[in-house]
Amino acid sequence: MMKRYLLLAALFFSATASQAQDSLFIRKIYDEALVNGQAYDNLRYLCKNIGQRLSGSAGAEKAVTWSKKLMDGYGFDKVYLQEVMVPHWVRGAKEQAYIIDGNKKIAVPIAALGSSIATPASGITANIVEVKSIKELETLGESVIKGKIVFFNGAFDQRFIETGAGYGAAGVQRFAGPSAAAKYGAVGAIVRSITPALDDYPHTGGTVYVDGVTKIPAAAISTLAANKLSNMLRLRKLPLIKFYFKQNCQTLPDVKSYNVIGEIKGSENPNKFITVGGHLDSWDLAEGAHDDGTGVMQSVEVLRILKTTGYKPKNSIRAVFFMNEENGHKGGIKYAEQAAADKEEHIAAIETDEGGFTPRGFSFEGASPAFIKQVNAKFKNLLEPYEADRLVEGGGGTDIGPLKETVPSIKLIGFRPDSQRYFDIHHTANDVFENVNKRELHLGAAAIASMVYLIDQHGLN
Ligand SMILES: [Zn+2]
């Protein structure tokens with residue numbers, strides 16, 4: 001009897017001692033991030049000295065070279081480039097668009113969607129059919145759609161608390177709408193920008209052409225312009241309002257590019273990995289500050305913090321700057337394939353690609369309620385003082401997603417910052433360094449470093 005109590009007491013005190021040790025180390029991580037953090041200065045360089053870095057561009061190439069140098073400078077155990085072929089889409093000369101109402105031309109802020117084809121050199125002028133969803137498009141059918149420009153005007157549902165959910169719901173019309181419209185004979189597609197904000201910034205983003213369906217030019221227009229166009233269509237019967245747009249984009253042959261990878265070797269299990277990553281490529285309209293400059297700079301900062309604080313991880317820790325998240329996901333696919341080819345064991349991968357805003361917590365992809373309960377029991381109280389303790393079921397991320405196929409035992413984790421402002425600037429000309437807050441960015445790096453530390457110490461099973 002006595003022996004059993006002693007054993008329980010010993011277990012209790014060792015658990016408490018381990019919690020105290022964890023708590024002290026996490027404090028140390030936050031102190032380093034908040035006092036000596038370098039992510040913000042690194043991000044400034046990436047945004048202001050390199051700027052936009054769409055896959056295949058000169059900016060992307062510069063970003064690869066600079067990122068490797070940055071990691072080399074930190075003296076990680078291993079820094080290397082992982083070659084990957086990526087699509088090379090270019091926007092060309094700036095797009096133009098007008099609503100044509102009799103003799104009046106009303107200019108519309110527009111941006112071609114990534115992967116879109118160009119219009120003919122003279123542009124496209126056609127009547128418009130407005131729909132709120134692909135389903136509505138299907139009910140109208142070819143007799144209504146043929147020869148027209150389809151205007152997808154499904155609004156961002158403001159009721160979602162986590163705006164990523166709203167983005168996913170409204171995003172379908174951008175990814176799949178243009179090809180769906182082409183099936184019914186549409187000559188072009190314009191899409192309401194996927195954002196809860198009402199302003200004059202068009203939000204670009206990828207669209208996907210379905211094989212075997214005629215490709216039609218596709219573009220996003222600003223939410224204010226979408227409202228105006230919708231109102232005009234509602235009020236005016238005859239003569240019909242027309243829409244004109246011209247864009248000059250082009251898909252060139254694939255280009256050789258790279259994921260940039262830094263690694264601290266595990267002291268106990270060098271062939272077991274915890275990956276933290278974001279994507280180095282960005283859309284071409286701005287500097288890719290929040291999407292995803294903040295994510296890559298947080299990822300390298302995690303390694304820097306762990307190294308600087310003298311932490312010797314049990315498992316190998318990697319920072320991965322993925323290439324081509326925005327218009328092909330080739331970097332993520334390559335990383336997963338190589339992990340399998342090299343027979344690496346992967347414990348977990350954490351993706352940071354939802355902006356550099358105040359951290360709230362982490363989402364665990366496909367996690368059971370029992371797993372979520374357990375991970376909360378283990379880690380929540382340690383993250384609570386830093387307000388990064390929401391540990392929930394949810395998505396991991398686009399770049400780490402392919403790892404699930406090649407390393408099925410892996411846990412995929414999404415870093416979850418506050419989401420309220422992200423989609424205001426996402427994929428617009430407004431995604432610039434000035435919109436990133438230094439403390440928020442550094443708090444995020446510390447939250448991720450803490451999660452990496454906890455997983456390294458205690459695993460996830
Ligand atoms: Zn992104």
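## Helix H9

Helix H9 is mostly covered, with 18 of its 20 residues buried. Buried means under 20% relative accessible area, exposed means over 50%, and partly exposed lies in between (1.4 Å probe, protein chains only). Helices (H or I, at least four residues) and strands (E, at least two) are DSSP runs, numbered from the N terminus. After H9 comes Gly310, which has a positive phi near 80°.

This is a predicted model: local features need pLDDT of at least 70, side-chain atom pairs count only at pLDDT 80 or more, and totals for chains, interfaces and linings use all residues. Residues are numbered from 1 along each chain as its sequence is written, and side-chain values use heavy atoms, with hydrogens and water left out.

## Salt bridges

The structure holds 18 salt bridges. In each, a side-chain nitrogen of Lys or Arg lies within 4 Å of a carboxyl oxygen of Asp or Glu. Side chains of opposite charge can pair when their charged atoms come close.

Arg304 pairs with Glu32, with 2.9 Å between the closest N and O atoms. Arg304 belongs to helix H9 (residues 289–308) and Glu32 to helix H1 (residues 2–36), so this pair ties together parts 272 residues apart in sequence. Both Arg304 and Glu32 are buried.

Asp41 and Arg44 form another salt bridge (2.9 Å, N to O). They sit three residues apart in helix H2 (residues 39–50), so about one helical turn separates them. An α-helix has 3.6 residues a turn, so residues three or four places apart point the same way. Asp41 is partly exposed, at 43% relative accessible area. Arg44 is partly exposed too, at 35%.

A salt bridge also joins Asp389 and Lys380 (3.2 Å, N to O). Asp389 is buried, at 12% relative accessible area. Lys380 is partly exposed, at 31%. Elsewhere, salt bridges with shared partners join Glu263, Lys265, Arg318 and Glu344 into one network.

His279 is in strand E11 (residues 269–279), while Asp353 is in the loop between strand E13 (345–351) and strand E14 (359–364), 74 residues apart.

His279 is buried, at 0% relative accessible area. Asp353 is buried as well, at 14%.

## The largest pocket

The largest pocket holds about 1100 Å³ of space. Its 45 lining residues include Arg174, Phe175, Glu325, Glu326 and His329, the closest to its centre. On a 1 Å grid over the protein atoms alone, a pocket is an open set of points where a 1.4 Å probe fits, with protein on both sides within 12 Å along at least five of seven lines; lining residues have an atom within 4 Å of a point.

Helix H6 gives the largest share of the lining, five residues. The lining divides into 13 nonpolar, 21 polar and eleven charged residues. Ala, Val, Leu, Ile, Met, Phe, Trp, Tyr, Cys and Pro count as nonpolar, Asp, Glu, Lys and Arg as charged, and the others, Gly among them, as polar.

How values were computed: Grid points are joined across faces, edges and corners, and a volume is the space filled by probe spheres set on the points.
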